[in-house]
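The sequence and structure are shown below.

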Amino acid sequence: MKRFIRNTCLISLIILAVIIIIEFALFLRPNTYSYKSEYVNNHIDDLHTLLFGNSHIERALIPDSMDKGTFNLAISGRPLIYDIELAKMFIPKMKSLDNVVMPLDYSLFYFDRIPFIPETEQKGVGLLDDTYKCMYYKYMGIRVDRFWYWSEVLNSKLNYFTRFFISDEEARECDSLGYIQNELKTRDHAWQYHQTPLKVDLSKPKNKDTYNMVYNYYTTLSDLTYRQHTRLILISTPMFKASQVEMIPELRDEMRAFVAQLRLKNPNVYYLDYTDDPRFEDHDFFDSSHMSEYGAAKLSKILNRDIKELPAFQ
């Protein structure tokens, strides 16, 4: 029995040592999280426009197609709490910052008013929570769980191991200014029906706790930018026709009222809604709510022009 316990402990120590070695080796390899954090830290005094958010920004706005000093800090799937923590980390240090761009997504306003969630959506709920806890803490210094270290080896659902076998540029995924391309040639044959909005039952009361949490996040962001004499530009990116027909006008009215409420406190907040912009055609979309490389180039130039037309910070 003693030999069994001794051998078990020895094997456990060997496994732990291997995990620690791999964990540290991964830390030395590039990835999207580490690259974007390092870039902003290294250009903290040079950036004029910082793009926050999820895939609707990361894969929709190309800094190279916008004015110099623009960087795409967005990462696909990012929960709002990480945007706010990144904003707290970076914005107060950025003396040249003129604009912060943040998505305002239709799906953000469901507030538990979905009568039925498709099985495909259910499977994805919370799937990457542990991955985010690990990657944002390990590579960006943001901890949302105060009592635990979330190992990349044990918790990340990303294909972390492949980083040992690809180039540095492939490992970081994004281009030098943070953009990741959705290539039209890889678009699925049923692309127009992917990522369409879910049905919303407006007869159900919205979850007030969730609403207040979201409102507080955006208020925090507007406060940070206001104190820094920076404009906060909220945008709704273009949606394909199959998504547009699923959207409820009343919910879009709620989005506008949400922005109006923010502006009552901080007038540096602006809202640009490209949801049903007729300038975007079929080839501009990768799926029903994400841009292809052609749509991203078009949207980036349009947004860049529209930002210049906004009033300067007063």
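## Basis and cysteines

A residue is called buried when its relative accessible area is under 20%, exposed when it is over 50%, and partly exposed in between, with a 1.4 Å probe and protein chains only. The model is predicted, so local features need pLDDT of at least 70 and side-chain atom pairs count only at pLDDT 80 or more, while totals for chains, interfaces and linings use all residues. Residues are numbered from 1 along each chain as its sequence is written, and side-chain values use heavy atoms, with hydrogens and water left out.

Cys 174 is buried, at a relative accessible area of 3%, and Cys 134 is buried as well, at 1%. A disulfide requires a pair of cysteine sulfur atoms within 2.5 Å; by this rule the count is zero. For Cys 134 the closest cysteine sulfur is that of Cys 174, 18 Å away, which is too far for a bond.

## Second largest pocket

Pockets and cavities are found on a 1 Å grid over the protein atoms alone: a cavity is a set of points where a 1.4 Å probe fits but cannot get out, a pocket is an open set with protein on both sides within 12 Å along at least five of seven lines, and lining residues have an atom within 4 Å of a point. Grid points are joined across faces, edges and corners, and a volume is the space filled by probe spheres set on the points.

The second largest pocket holds about 170 Å³ of space. Its lining consists of Phe 27, Pro 30, Ser 34, Tyr 35, Glu 38, Tyr 139, Asp 168 and Arg 172. Two or more of these residues come from each of helix H2 (32-42) and helix H8 (168-172), where helices are DSSP runs of H or I with at least four residues, numbered from the N terminus. H2 provides the largest share, three residues. By class, the lining has four nonpolar, one polar and three charged residues; Ala, Val, Leu, Ile, Met, Phe, Trp, Tyr, Cys and Pro count as nonpolar, Asp, Glu, Lys and Arg as charged, and the others, Gly among them, as polar.

## Largest cavity

One cavity of 30 Å³ or more is present, and the largest cavity contains about 40 Å³ of space. It is lined by Lys 133, Tyr 137, Arg 143, Val 144, Asp 145, Trp 148 and Trp 150, of which four are nonpolar, none polar and three charged.

Within this lining group, Arg 143 lies over the face of Tyr 137, at 4.1 Å from the ring centre. A charge sits over a ring if NZ of Lys or CZ of Arg is within 6 Å of the ring centre and within 35 degrees of the ring normal. Lys 298 is placed over the face of Phe 280 in this way, at 5.6 Å.

## Aromatic pairs

Rings of Phe, Tyr and Trp (its six-membered ring) pair if their centres lie within 6.5 Å; planes under 30 degrees apart count as stacked, over 60 as edge-to-face and the rest as tilted. The structure holds 20 such pairs. Phe 27 and Tyr 139 are stacked because their ring centres are 5.9 Å apart and their planes meet at 15°. This pair links distant parts of the chain, with Phe 27 in helix H1 (residues 2-27) and Tyr 139 in helix H6 (residues 129-140), 112 residues apart. Phe 27 is partly exposed at 44% relative accessibility, whereas Tyr 139 is buried at 7%.

Tyr 211 and Tyr 215 are also stacked, at 6.4 Å centre to centre with 5° between the planes. Both lie in helix H9 (residues 208-227), four residues apart, about one turn of the helix. Tyr 211 is buried at 15%, and Tyr 215 is buried at 15%.
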